[in-house]
Amino acid sequence: MITIDQVLCASCAMCVTTCLEEAISCDGVTTVNTDLCTECLECLDFCPTGALTFRKPQKENHDPKKL
Amino acid sequence: MIRKSYDVLVIGSGMGGMSAAAILAKDGYRVLVAEQMPRIGGRCSTIDHKEYRCTTGVIGVETKGIVESFFKSIDADFNTISAGQPHYLMNGKILTVPHHAGMKFLLKKSGASAASIDKTMSAMSKALKWKEPATGITLYDWIRQVSKHTGIMDVFQTLTSTALMVNVDDISAQYFIRFIKELKGLHNFGYCPTGAIELPNALARVIQRNGGEIWLQSKVTGITTDNGIVQGAVIKTSDKEHTIDVSVIISDTGPVKTVELVGRKWFDRDYLQEMTQRLKPAEIICLQIGLDEPLFEQNHLLISGAKRINSLYQPTIICPEMAPRGKHLLIASAAPESSELLKDEKSRKKDIATCLADLKQLFPKFDQISTVLLTGVYRDQWPGMRSKPGLDVPSKTPIINLYNVGDGVKQSGYTGLPAVVKSGMTVAQEIQKRMGFLKGTSKAI
(Lines give C-alpha, C1' and ligand atoms only; values in the text may rest on other atoms or scores of the structure.)
Protein backbone atom coordinates (compact mmCIF):
# COMPACT_ATOMS: atom_id res chain seq x y z
CA MET A 1 0.00 0.00 0.00
CA ILE A 2 1.07 3.60 -0.68
CA THR A 3 1.98 5.55 2.42
CA ILE A 4 2.63 9.27 2.74
CA ASP A 5 5.23 10.72 5.05
CA GLN A 6 3.39 13.87 6.09
CA VAL A 7 6.62 15.51 7.27
CA LEU A 8 8.28 15.14 3.85
CA CYS A 9 5.09 15.91 1.91
CA ALA A 10 5.00 19.54 0.76
CA SER A 11 1.41 19.09 -0.48
CA CYS A 12 2.40 20.33 -3.94
CA ALA A 13 -0.28 18.04 -5.47
CA MET A 14 2.02 16.74 -8.23
CA CYS A 15 1.05 13.14 -7.39
CA VAL A 16 -2.65 13.93 -7.86
CA THR A 17 -2.05 14.43 -11.58
CA THR A 18 -0.35 11.07 -12.03
CA CYS A 19 -3.16 8.93 -10.66
CA LEU A 20 -5.49 7.56 -13.33
CA GLU A 21 -7.80 6.12 -10.66
CA GLU A 22 -8.17 9.53 -8.99
CA ALA A 23 -7.24 7.86 -5.72
CA ILE A 24 -5.06 10.74 -4.52
CA SER A 25 -6.40 14.05 -3.35
CA CYS A 26 -4.69 17.10 -1.94
CA ASP A 27 -6.32 20.08 -0.26
CA GLY A 28 -3.32 21.18 1.76
CA VAL A 29 -2.94 17.61 3.01
CA THR A 30 -2.37 14.67 0.67
CA THR A 31 -4.43 11.51 1.14
CA VAL A 32 -4.64 8.20 -0.72
CA ASN A 33 -7.94 6.39 -0.99
CA THR A 34 -6.79 2.78 -0.60
CA ASP A 35 -10.08 1.43 -2.01
CA LEU A 36 -9.37 3.13 -5.35
CA CYS A 37 -5.57 2.67 -5.41
CA THR A 38 -4.42 -0.14 -7.74
CA GLU A 39 -0.80 0.14 -6.57
CA CYS A 40 0.48 0.94 -10.06
CA LEU A 41 3.18 3.03 -8.31
CA GLU A 42 3.13 5.72 -11.00
CA CYS A 43 2.86 8.43 -8.33
CA LEU A 44 6.14 7.40 -6.70
CA ASP A 45 8.17 8.53 -9.71
CA PHE A 46 6.62 11.97 -9.69
CA CYS A 47 6.89 12.80 -6.00
CA PRO A 48 9.56 15.51 -5.79
CA THR A 49 10.12 15.15 -2.06
CA GLY A 50 10.22 11.38 -1.64
CA ALA A 51 7.20 11.48 0.65
CA LEU A 52 5.42 8.61 -1.09
CA THR A 53 6.55 5.04 -0.47
CA PHE A 54 5.17 1.64 -1.22
CA ARG A 55 4.96 -0.83 1.61
CA LYS A 56 3.90 -4.40 1.21
CA PRO A 57 1.18 -5.27 3.72
CA GLN A 58 2.82 -7.02 6.62
CA LYS A 59 2.10 -10.71 6.78
CA GLU A 60 0.86 -12.17 9.99
CA ASN A 61 3.56 -13.70 12.06
CA HIS A 62 3.36 -17.49 11.82
CA ASP A 63 6.62 -18.20 13.59
CA PRO A 64 6.15 -20.76 16.32
CA LYS A 65 5.90 -19.22 19.71
CA LYS A 66 8.94 -19.70 21.83
CA LEU A 67 8.56 -21.04 25.24
CA MET B 1 31.31 -2.73 -16.20
CA ILE B 2 32.31 0.21 -18.38
CA ARG B 3 32.92 3.42 -16.49
CA LYS B 4 31.45 6.24 -18.52
CA SER B 5 32.99 9.66 -18.51
CA TYR B 6 31.71 13.15 -19.26
CA ASP B 7 33.10 16.64 -18.95
CA VAL B 8 30.07 17.95 -17.12
CA LEU B 9 27.29 16.29 -15.15
CA VAL B 10 24.15 18.34 -14.53
CA ILE B 11 21.97 17.04 -11.71
CA GLY B 12 18.32 17.89 -12.34
CA SER B 13 16.68 19.17 -15.51
CA GLY B 14 15.21 22.37 -14.09
CA MET B 15 15.74 25.55 -16.07
CA GLY B 16 18.99 26.47 -14.27
CA GLY B 17 20.59 23.13 -15.08
CA MET B 18 19.23 22.98 -18.62
CA SER B 19 20.42 26.53 -19.38
CA ALA B 20 23.97 25.70 -18.26
CA ALA B 21 23.87 22.34 -20.05
CA ALA B 22 22.72 23.92 -23.32
CA ILE B 23 25.51 26.53 -23.33
CA LEU B 24 28.21 23.97 -22.52
CA ALA B 25 26.94 21.31 -24.95
CA LYS B 26 26.81 23.89 -27.73
CA ASP B 27 30.38 24.89 -26.92
CA GLY B 28 31.66 21.31 -27.31
CA TYR B 29 31.68 20.03 -23.73
CA ARG B 30 30.46 16.47 -23.26
CA VAL B 31 27.38 16.95 -21.09
CA LEU B 32 25.11 14.55 -19.25
CA VAL B 33 21.89 15.73 -17.60
CA ALA B 34 20.48 13.28 -15.01
CA GLU B 35 16.82 13.79 -14.09
CA GLN B 36 15.17 11.66 -11.44
CA MET B 37 11.61 12.17 -12.70
CA PRO B 38 10.12 10.75 -15.90
CA ARG B 39 9.73 14.28 -17.32
CA ILE B 40 12.07 17.24 -17.67
CA GLY B 41 11.76 20.80 -16.44
CA GLY B 42 11.24 20.44 -12.68
CA ARG B 43 9.10 23.36 -11.61
CA CYS B 44 9.06 24.69 -15.18
CA SER B 45 7.07 21.87 -16.67
CA THR B 46 3.59 20.85 -17.74
CA ILE B 47 1.29 17.98 -16.85
CA ASP B 48 -1.78 16.92 -18.77
CA HIS B 49 -4.45 16.66 -16.10
CA LYS B 50 -8.10 16.14 -16.93
CA GLU B 51 -7.30 17.43 -20.43
CA TYR B 52 -5.92 20.70 -19.10
CA ARG B 53 -2.27 21.68 -19.47
CA CYS B 54 -1.44 22.27 -15.82
CA THR B 55 1.79 23.82 -14.63
CA THR B 56 4.28 22.37 -12.14
CA GLY B 57 5.23 25.90 -11.05
CA VAL B 58 6.08 28.44 -13.75
CA ILE B 59 3.00 30.34 -14.98
CA GLY B 60 4.10 33.34 -17.02
CA VAL B 61 7.34 33.59 -18.94
CA GLU B 62 9.21 36.88 -19.09
CA THR B 63 9.56 38.16 -22.64
CA LYS B 64 11.86 40.81 -24.14
CA GLY B 65 14.27 40.13 -21.28
CA ILE B 66 17.14 37.88 -20.31
CA VAL B 67 15.29 34.58 -20.94
CA GLU B 68 14.35 35.48 -24.51
CA SER B 69 17.78 36.91 -25.39
CA PHE B 70 19.46 33.82 -23.92
CA PHE B 71 17.30 31.45 -25.96
CA LYS B 72 18.11 33.41 -29.12
CA SER B 73 21.84 33.37 -28.35
CA ILE B 74 21.96 29.58 -28.40
CA ASP B 75 19.45 29.08 -31.25
CA ALA B 76 16.74 27.62 -28.99
CA ASP B 77 13.10 28.11 -30.02
CA PHE B 78 11.29 30.65 -27.88
CA ASN B 79 7.62 30.22 -28.57
CA THR B 80 5.87 32.55 -26.15
CA ILE B 81 2.76 34.60 -26.78
CA SER B 82 2.71 38.02 -25.18
CA ALA B 83 0.15 38.62 -22.42
CA GLY B 84 0.05 42.32 -23.28
CA GLN B 85 -0.88 45.14 -20.96
CA PRO B 86 -1.09 44.37 -17.20
CA HIS B 87 -4.50 44.70 -15.51
CA TYR B 88 -5.37 45.19 -11.89
CA LEU B 89 -8.48 44.41 -9.90
CA MET B 90 -9.04 46.91 -7.14
CA ASN B 91 -12.21 47.75 -5.23
CA GLY B 92 -14.29 45.68 -7.66
CA LYS B 93 -13.02 47.49 -10.75
CA ILE B 94 -10.66 46.20 -13.44
CA LEU B 95 -8.02 48.76 -14.29
CA THR B 96 -5.62 48.79 -17.22
CA VAL B 97 -2.23 49.72 -15.84
CA PRO B 98 -0.20 51.96 -18.15
CA HIS B 99 3.34 50.76 -18.94
CA HIS B 100 4.69 54.12 -17.90
CA ALA B 101 4.17 55.33 -14.30
CA GLY B 102 2.20 52.21 -13.36
CA MET B 103 3.00 52.55 -9.66
CA LYS B 104 1.63 56.08 -9.44
CA PHE B 105 -1.48 54.99 -11.31
CA LEU B 106 -2.13 52.14 -8.85
CA LEU B 107 -1.54 54.27 -5.78
CA LYS B 108 -3.97 56.86 -7.12
CA LYS B 109 -6.65 54.17 -7.32
CA SER B 110 -5.89 52.85 -3.83
CA GLY B 111 -8.29 55.22 -2.11
CA ALA B 112 -5.53 56.98 -0.16
CA SER B 113 -5.37 60.75 0.14
CA ALA B 114 -3.44 62.77 -2.43
CA ALA B 115 -0.96 63.77 0.28
CA SER B 116 -0.26 60.12 1.22
CA ILE B 117 0.24 59.17 -2.42
CA ASP B 118 2.61 62.08 -3.00
CA LYS B 119 4.61 61.17 0.09
CA THR B 120 4.87 57.53 -1.02
CA MET B 121 5.86 58.46 -4.55
CA SER B 122 8.53 60.91 -3.44
CA ALA B 123 9.97 58.34 -1.01
CA MET B 124 10.10 55.81 -3.87
CA SER B 125 11.66 58.27 -6.24
CA LYS B 126 14.26 59.35 -3.67
CA ALA B 127 15.12 55.71 -2.99
CA LEU B 128 15.44 54.93 -6.69
CA LYS B 129 17.35 58.02 -7.77
CA TRP B 130 19.28 59.22 -4.73
CA LYS B 131 19.79 56.89 -1.77
CA GLU B 132 18.38 53.42 -1.23
CA PRO B 133 16.78 52.46 2.13
CA ALA B 134 19.14 51.33 4.89
CA THR B 135 19.72 47.62 5.39
CA GLY B 136 17.58 45.93 8.00
CA ILE B 137 14.28 47.73 7.47
CA THR B 138 11.46 45.72 5.94
CA LEU B 139 9.39 47.12 3.09
CA TYR B 140 6.36 47.08 5.42
CA ASP B 141 8.06 49.25 8.04
CA TRP B 142 9.53 51.50 5.37
CA ILE B 143 6.14 52.18 3.78
CA ARG B 144 4.51 52.64 7.19
CA GLN B 145 6.90 55.52 7.87
CA VAL B 146 5.37 57.36 4.94
CA SER B 147 1.75 56.23 5.00
CA LYS B 148 -0.41 53.98 7.14
CA HIS B 149 -3.15 53.66 4.54
CA THR B 150 -4.04 49.98 3.98
CA GLY B 151 -4.78 50.53 0.28
CA ILE B 152 -1.21 51.70 -0.29
CA MET B 153 0.19 48.72 1.60
CA ASP B 154 -2.08 46.38 -0.43
CA VAL B 155 -0.52 47.64 -3.68
CA PHE B 156 2.98 46.82 -2.40
CA GLN B 157 1.84 43.48 -0.98
CA THR B 158 0.41 42.48 -4.36
CA LEU B 159 3.64 43.39 -6.14
CA THR B 160 6.00 41.64 -3.71
CA SER B 161 3.91 38.50 -3.34
CA THR B 162 3.39 38.13 -7.09
CA ALA B 163 6.87 38.97 -8.31
CA LEU B 164 9.08 38.00 -5.37
CA MET B 165 6.90 35.41 -3.61
CA VAL B 166 7.24 37.07 -0.23
CA ASN B 167 4.95 39.12 1.91
CA VAL B 168 5.64 42.81 2.31
CA ASP B 169 6.92 42.31 5.88
CA ASP B 170 9.29 39.56 4.76
CA ILE B 171 11.48 41.53 2.37
CA SER B 172 13.91 44.38 2.94
CA ALA B 173 12.98 47.75 1.49
CA GLN B 174 16.47 47.90 0.01
CA TYR B 175 16.03 44.67 -1.92
CA PHE B 176 12.65 45.77 -3.24
CA ILE B 177 14.07 49.07 -4.53
CA ARG B 178 16.99 47.28 -6.22
CA PHE B 179 14.56 44.85 -7.80
CA ILE B 180 12.38 47.65 -9.18
CA LYS B 181 15.49 49.40 -10.50
CA GLU B 182 16.93 46.40 -12.32
CA LEU B 183 13.80 44.81 -13.71
CA LYS B 184 12.13 48.13 -14.35
CA GLY B 185 8.68 47.03 -13.31
CA LEU B 186 6.60 43.96 -13.89
CA HIS B 187 5.81 44.24 -17.54
CA ASN B 188 6.36 41.96 -20.54
CA PHE B 189 5.45 38.40 -19.94
CA GLY B 190 3.63 35.76 -21.92
CA TYR B 191 2.56 32.12 -22.02
CA CYS B 192 3.90 29.11 -23.92
CA PRO B 193 0.95 27.65 -25.86
CA THR B 194 1.98 24.08 -25.01
CA GLY B 195 2.74 24.96 -21.41
CA ALA B 196 5.93 25.87 -19.58
CA ILE B 197 7.55 22.54 -20.55
CA GLU B 198 8.10 24.13 -23.97
CA LEU B 199 11.12 25.96 -22.51
CA PRO B 200 13.12 22.97 -21.15
CA ASN B 201 12.08 21.05 -24.28
CA ALA B 202 13.66 23.73 -26.47
CA LEU B 203 16.87 23.55 -24.42
CA ALA B 204 16.82 19.75 -24.55
CA ARG B 205 16.80 19.94 -28.35
CA VAL B 206 19.91 22.17 -28.25
CA ILE B 207 21.65 19.80 -25.83
CA GLN B 208 20.86 16.70 -27.89
CA ARG B 209 21.68 18.38 -31.21
CA ASN B 210 25.14 19.03 -29.82
CA GLY B 211 25.82 15.52 -28.60
CA GLY B 212 24.70 15.96 -24.99
CA GLU B 213 22.72 13.26 -23.20
CA ILE B 214 19.61 13.57 -21.02
CA TRP B 215 18.75 10.60 -18.82
CA LEU B 216 15.28 10.41 -17.28
CA GLN B 217 14.36 8.43 -14.16
CA SER B 218 18.01 8.58 -13.24
CA LYS B 219 18.71 9.55 -9.70
CA VAL B 220 22.13 10.77 -8.63
CA THR B 221 22.73 9.05 -5.30
CA GLY B 222 26.19 10.37 -4.54
CA ILE B 223 29.00 12.68 -5.61
CA THR B 224 32.56 11.47 -5.15
CA THR B 225 35.43 13.82 -4.47
CA ASP B 226 39.15 13.50 -4.08
CA ASN B 227 41.04 15.98 -1.96
CA GLY B 228 38.13 18.43 -2.13
CA ILE B 229 37.84 18.21 -5.93
CA VAL B 230 34.94 16.69 -7.87
CA GLN B 231 35.75 13.28 -9.26
CA GLY B 232 32.56 11.48 -10.23
CA ALA B 233 29.03 10.49 -9.35
CA VAL B 234 26.85 7.47 -8.89
CA ILE B 235 23.59 7.43 -10.84
CA LYS B 236 20.83 4.94 -10.12
CA THR B 237 18.50 3.98 -12.94
CA SER B 238 15.65 1.48 -12.74
CA ASP B 239 17.86 -1.51 -13.49
CA LYS B 240 21.38 -0.59 -12.44
CA GLU B 241 23.88 1.72 -10.84
CA HIS B 242 26.24 3.70 -13.06
CA THR B 243 29.53 5.07 -11.85
CA ILE B 244 30.64 7.97 -13.97
CA ASP B 245 33.78 10.10 -14.07
CA VAL B 246 33.25 13.81 -14.45
CA SER B 247 35.34 16.93 -14.14
CA VAL B 248 32.57 19.37 -13.28
CA ILE B 249 29.21 18.91 -11.57
CA ILE B 250 26.41 21.46 -11.77
CA SER B 251 23.68 20.74 -9.25
CA ASP B 252 20.15 22.02 -9.84
CA THR B 253 18.71 20.18 -6.84
CA GLY B 254 19.17 23.01 -4.39
CA PRO B 255 22.19 23.75 -2.16
CA VAL B 256 20.96 21.59 0.74
CA LYS B 257 20.55 18.48 -1.40
CA THR B 258 23.92 19.13 -3.03
CA VAL B 259 25.59 18.95 0.37
CA GLU B 260 23.78 15.69 1.15
CA LEU B 261 25.02 14.14 -2.11
CA VAL B 262 28.66 14.81 -1.22
CA GLY B 263 28.30 14.27 2.52
CA ARG B 264 28.23 17.01 5.16
CA LYS B 265 31.64 16.12 6.52
CA TRP B 266 33.37 17.40 3.38
CA PHE B 267 32.06 20.95 3.86
CA ASP B 268 33.45 23.73 6.04
CA ARG B 269 31.37 24.50 9.06
CA ASP B 270 30.98 28.17 8.07
CA TYR B 271 29.51 27.21 4.68
CA LEU B 272 26.97 24.90 6.31
CA GLN B 273 26.13 27.55 8.87
CA GLU B 274 25.61 30.24 6.22
CA MET B 275 23.43 27.87 4.22
CA THR B 276 21.20 26.97 7.16
CA GLN B 277 20.86 30.55 8.31
CA ARG B 278 20.14 32.12 4.93
CA LEU B 279 18.23 29.58 2.87
CA LYS B 280 14.55 29.80 3.68
CA PRO B 281 12.17 28.82 0.89
CA ALA B 282 9.75 31.37 -0.57
CA GLU B 283 6.34 29.76 -0.56
CA ILE B 284 3.37 30.15 -2.84
CA ILE B 285 -0.07 28.61 -3.09
CA CYS B 286 -1.15 27.69 -6.61
CA LEU B 287 -4.72 26.79 -7.54
CA GLN B 288 -5.50 25.44 -11.00
CA ILE B 289 -9.14 25.54 -11.95
CA GLY B 290 -11.14 24.54 -15.01
CA LEU B 291 -13.79 27.03 -16.16
CA ASP B 292 -16.85 26.64 -18.40
CA GLU B 293 -16.42 30.26 -19.44
CA PRO B 294 -13.84 32.96 -18.66
CA LEU B 295 -14.14 34.48 -15.21
CA PHE B 296 -13.04 37.86 -16.60
CA GLU B 297 -12.04 39.16 -20.05
CA GLN B 298 -8.30 39.59 -19.47
CA ASN B 299 -5.60 36.92 -19.40
CA HIS B 300 -3.99 38.26 -16.25
CA LEU B 301 -5.20 40.23 -13.27
CA LEU B 302 -3.22 41.47 -10.31
CA ILE B 303 -5.48 41.47 -7.27
CA SER B 304 -5.33 43.98 -4.48
CA GLY B 305 -7.10 43.69 -1.17
CA ALA B 306 -8.09 39.98 -1.26
CA LYS B 307 -7.22 37.84 1.75
CA ARG B 308 -4.78 35.50 -0.03
CA ILE B 309 -5.06 35.67 -3.82
CA ASN B 310 -2.60 38.11 -5.40
CA SER B 311 -2.69 37.18 -9.06
CA LEU B 312 -5.03 35.43 -11.50
CA TYR B 313 -4.09 34.08 -14.90
CA GLN B 314 -6.33 32.87 -17.70
CA PRO B 315 -3.75 31.76 -20.27
CA THR B 316 -6.48 30.17 -22.39
CA ILE B 317 -7.73 33.64 -23.38
CA ILE B 318 -4.72 33.78 -25.71
CA CYS B 319 -3.60 30.10 -25.70
CA PRO B 320 -6.87 28.12 -26.03
CA GLU B 321 -4.92 24.88 -26.61
CA MET B 322 -4.21 24.69 -22.86
CA ALA B 323 -7.80 23.61 -22.05
CA PRO B 324 -10.35 21.28 -23.64
CA ARG B 325 -12.37 22.88 -26.43
CA GLY B 326 -14.64 25.63 -25.10
CA LYS B 327 -13.18 25.50 -21.58
CA HIS B 328 -10.72 27.81 -19.85
CA LEU B 329 -7.86 27.37 -17.42
CA LEU B 330 -7.60 29.64 -14.41
CA ILE B 331 -4.41 29.72 -12.36
CA ALA B 332 -4.60 31.57 -9.07
CA SER B 333 -1.47 32.36 -7.11
CA ALA B 334 -1.62 33.33 -3.48
CA ALA B 335 0.63 34.18 -0.58
CA PRO B 336 0.24 31.98 2.51
CA GLU B 337 -0.69 33.63 5.77
CA SER B 338 2.79 32.91 7.12
CA SER B 339 5.71 30.58 6.42
CA GLU B 340 5.69 29.30 9.97
CA LEU B 341 2.03 28.29 9.88
CA LEU B 342 2.46 26.39 6.60
CA LYS B 343 4.19 23.55 8.41
CA ASP B 344 0.86 22.74 9.99
CA GLU B 345 -1.54 20.64 7.91
CA LYS B 346 -4.66 22.35 9.23
CA SER B 347 -3.24 25.74 8.41
CA ARG B 348 -2.49 24.67 4.81
CA LYS B 349 -6.07 23.46 4.43
CA LYS B 350 -7.33 26.74 5.84
CA ASP B 351 -5.15 28.78 3.47
CA ILE B 352 -6.52 26.92 0.45
CA ALA B 353 -10.10 27.29 1.66
CA THR B 354 -9.47 31.03 2.10
CA CYS B 355 -8.17 31.24 -1.49
CA LEU B 356 -11.36 29.62 -2.78
CA ALA B 357 -13.45 31.95 -0.62
CA ASP B 358 -11.52 34.89 -2.10
CA LEU B 359 -12.44 33.76 -5.62
CA LYS B 360 -16.07 33.37 -4.67
CA GLN B 361 -16.13 36.82 -3.18
CA LEU B 362 -14.37 38.47 -6.12
CA PHE B 363 -16.50 36.70 -8.74
CA PRO B 364 -20.02 35.70 -7.64
CA LYS B 365 -20.40 33.30 -10.60
CA PHE B 366 -17.21 31.40 -9.66
CA ASP B 367 -18.95 28.41 -8.07
CA GLN B 368 -21.32 27.83 -10.99
CA ILE B 369 -18.67 27.68 -13.71
CA SER B 370 -15.61 26.18 -12.00
CA THR B 371 -14.08 22.76 -11.38
CA VAL B 372 -11.09 22.68 -9.06
CA LEU B 373 -8.30 20.73 -10.80
CA LEU B 374 -5.36 21.09 -8.42
CA THR B 375 -4.68 22.93 -5.20
CA GLY B 376 -0.98 22.85 -4.42
CA VAL B 377 1.23 24.47 -1.83
CA TYR B 378 4.73 25.06 -3.19
CA ARG B 379 6.96 24.89 -0.15
CA ASP B 380 9.76 22.95 1.52
CA GLN B 381 11.35 20.65 -1.10
CA TRP B 382 9.06 21.96 -3.87
CA PRO B 383 9.01 25.68 -3.12
CA GLY B 384 8.06 28.80 -5.03
CA MET B 385 11.76 29.63 -4.83
CA ARG B 386 14.48 27.88 -2.82
CA SER B 387 15.44 31.10 -1.10
CA LYS B 388 13.70 34.31 -0.26
CA PRO B 389 14.98 37.21 -2.36
CA GLY B 390 18.24 38.61 -1.01
CA LEU B 391 19.00 35.52 1.08
CA ASP B 392 20.68 33.31 -1.48
CA VAL B 393 23.98 31.46 -1.20
CA PRO B 394 26.77 31.67 -3.80
CA SER B 395 26.90 29.33 -6.82
CA LYS B 396 30.35 28.03 -5.96
CA THR B 397 30.53 25.41 -3.23
CA PRO B 398 33.60 24.63 -1.07
CA ILE B 399 34.14 21.57 -3.29
CA ILE B 400 36.24 22.53 -6.31
CA ASN B 401 34.32 22.19 -9.60
CA LEU B 402 30.97 21.69 -7.85
CA TYR B 403 28.46 24.46 -8.57
CA ASN B 404 24.84 25.11 -7.65
CA VAL B 405 22.39 26.69 -10.07
CA GLY B 406 18.70 27.53 -9.71
CA ASP B 407 16.59 29.63 -7.38
CA GLY B 408 18.69 29.07 -4.25
CA VAL B 409 21.61 30.97 -5.81
CA LYS B 410 19.85 33.93 -7.41
CA GLN B 411 21.79 37.10 -8.13
CA SER B 412 20.63 40.34 -6.59
CA GLY B 413 17.70 41.96 -8.39
CA TYR B 414 16.59 38.80 -10.19
CA THR B 415 13.57 36.67 -9.38
CA GLY B 416 11.74 33.62 -10.74
CA LEU B 417 12.60 32.21 -14.15
CA PRO B 418 14.97 35.03 -15.22
CA ALA B 419 16.96 34.47 -12.00
CA VAL B 420 17.22 30.75 -12.64
CA VAL B 421 18.30 31.14 -16.27
CA LYS B 422 20.81 33.80 -15.23
CA SER B 423 22.30 31.42 -12.63
CA GLY B 424 22.82 28.75 -15.30
CA MET B 425 24.39 31.25 -17.69
CA THR B 426 26.76 32.60 -15.07
CA VAL B 427 27.99 29.16 -14.03
CA ALA B 428 28.42 28.03 -17.65
CA GLN B 429 30.42 31.15 -18.47
CA GLU B 430 32.60 30.63 -15.40
CA ILE B 431 33.31 27.05 -16.52
CA GLN B 432 34.11 28.20 -20.06
CA LYS B 433 36.54 30.77 -18.68
CA ARG B 434 38.22 28.48 -16.18
CA MET B 435 38.19 25.22 -18.06
CA GLY B 436 38.16 25.90 -21.77
CA PHE B 437 40.86 23.27 -22.21
CA LEU B 438 38.46 20.63 -20.92
CA LYS B 439 36.14 20.57 -23.91
CA GLY B 440 35.57 17.06 -25.17
CA THR B 441 38.57 15.60 -23.39
CA SER B 442 36.55 14.00 -20.57
CA LYS B 443 39.69 13.80 -18.49
CA ALA B 444 39.79 14.91 -14.91
CA ILE B 445 42.18 17.75 -14.18
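How many residue pairs are in polar contact across the interface of chain B and chain A? The rule finds seven, with both residues at pLDDT 80 or more; a polar contact is a pair of N or O atoms within 3.5 Å, where within protein one must be able to donate a hydrogen and the other to accept it, and residues adjacent in sequence count only if both atoms are side-chain atoms.

## Basis

This is a predicted model, in which local features need pLDDT of at least 70, side-chain atom pairs count only at pLDDT 80 or more, and totals for chains, interfaces and linings use all residues. Residues are numbered from 1 along each chain as its sequence is written, chains are lettered from A and ligands numbered from 1 in the order in which they are written, and side-chain values use heavy atoms, with hydrogens and water left out.

## Interface

The contact (heavy atoms within 4.5 Å) takes 21 residues from chain A and 23 residues from chain B. One salt bridge crosses the interface: Lys349(B) pairs with Asp27(A), their closest N and O atoms being 3.6 Å apart. The criterion is a side-chain nitrogen of Lys or Arg within 4 Å of a carboxyl oxygen of Asp or Glu.

On the side of chain B that touches chain A, β3 (46–49), α12 (345–362) and β18 (370–378) each supply at least two residues. The largest share, five residues, comes from β18(B). Helices (H or I, at least four residues) and strands (E, at least two) are DSSP runs, numbered from the N terminus.

## Sheet of chain B

Seven strands of chain B form an open, mixed sheet in the order β8-β7-β15-β16-β17-β14-β18; strands pair if DSSP finds at least two bridges between them. The edge strands are β8 (93–96) and β18. β18(B) pairs antiparallel with β14(B) (residues 284–291) over eight bridges, and Leu374(B) is the bridge partner of Gln288(B).
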